[in-house]
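Please examine the sequence and the model before reading each solution.

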Amino acid sequence: MVLILLVVGLGLALLIWLWKGPVQNTVTAMKRNGSSTVEAYGVILFITSAMGISIYLIMSIM
């Protein structure tokens, strides 16, 4: 039980860091280069989805 709570807490901390750091910086850079906000978040959603699917497939093979 403690391990599950620790993993959930670590996952939330990582998610918050990811949102505050790389995601916001990428969106700001894309908006400066002329992309819309929806397009910037769409690209980030696509990239993170692809990474998640890749990790899932690798873990299912192992």
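Rings of Phe, Tyr and Trp (its six-membered ring) form a pair if their centres lie within 6.5 Å. The structure examined here is a predicted model.

**Exercise 1.** Determine how many aromatic pairs a search of the whole structure finds, and classify the geometry of the rings.

Solution. 
- Step 1. The ring centres of tryptophan 19 and tyrosine 41 are 5.6 Å apart, and their planes meet at 10°.
- Step 2. Planes under 30 degrees apart count as stacked, so the pair of tryptophan 19 and tyrosine 41 is stacked.
- Step 3. Tryptophan 19 belongs to helix H1 and tyrosine 41 to helix H2; the pair therefore ties together parts that are 22 residues apart in sequence.

**Exercise 2.** Describe how helix H1 packs against helix H2.

Solution. 
- Step 1. Two packed helices are described by the angle between their axes and the distance between the axes.
- Step 2. For H1 (residues 2-32) and H2 (residues 37-61), the angle is about 135° and the axes are 9 Å apart.
- Step 3. This angle makes H1 oblique to H2.
- Step 4. The crossing of H1 past H2 is right-handed.
- Step 5. Residues of H1 in the contact include Trp19, Val23 and Met30, while those of H2 include Tyr41, Val43 and Ile44.
- Step 6. By class, the contact of H1 with H2 holds eight nonpolar, three polar and two charged residues.

**Exercise 3.** Is isoleucine 44 buried or exposed, and which residues does isoleucine 44 touch?

Solution. 
- Step 1. Isoleucine 44 is situated in helix H2.
- Step 2. Buried means under 20% relative accessible area; isoleucine 44 has 11%, so isoleucine 44 is buried.
- Step 3. Leaving aside residues up to four places away in sequence, isoleucine 44 touches Val23, Thr26 and Val27.
- Step 4. Between isoleucine 44 and threonine 26 there are 8.2 Å in space, C-alpha to C-alpha, although the two are 18 residues apart in sequence.

Note on methods:
Residues are numbered from 1 along each chain as its sequence is written. This is a predicted model: local features need pLDDT of at least 70, side-chain atom pairs count only at pLDDT 80 or more; totals for chains, interfaces and linings use all residues. Side-chain values use heavy atoms; hydrogens and water are left out. Axes are lines fitted to C-alpha atoms, for helices over the stretch in contact, and angles run from 0 to 180 degrees between N-to-C directions. Helices (H or I, at least four residues) and strands (E, at least two) are DSSP runs, numbered from the N terminus. Angles under 35 degrees count as roughly parallel, over 145 as roughly antiparallel, 65 to 115 as roughly perpendicular and the rest as oblique. A crossing is left-handed if the near helix is turned anticlockwise from the far one by less than a right angle, and right-handed if clockwise. Contact means heavy atoms within 4.5 Å. Ala, Val, Leu, Ile, Met, Phe, Trp, Tyr, Cys and Pro count as nonpolar, Asp, Glu, Lys and Arg as charged, and the others, Gly among them, as polar. Rings of Phe, Tyr and Trp (its six-membered ring) pair if their centres lie within 6.5 Å; planes under 30 degrees apart count as stacked, over 60 as edge-to-face and the rest as tilted. Buried means under 20% relative accessible area, exposed over 50%, partly exposed in between (1.4 Å probe, protein chains only).
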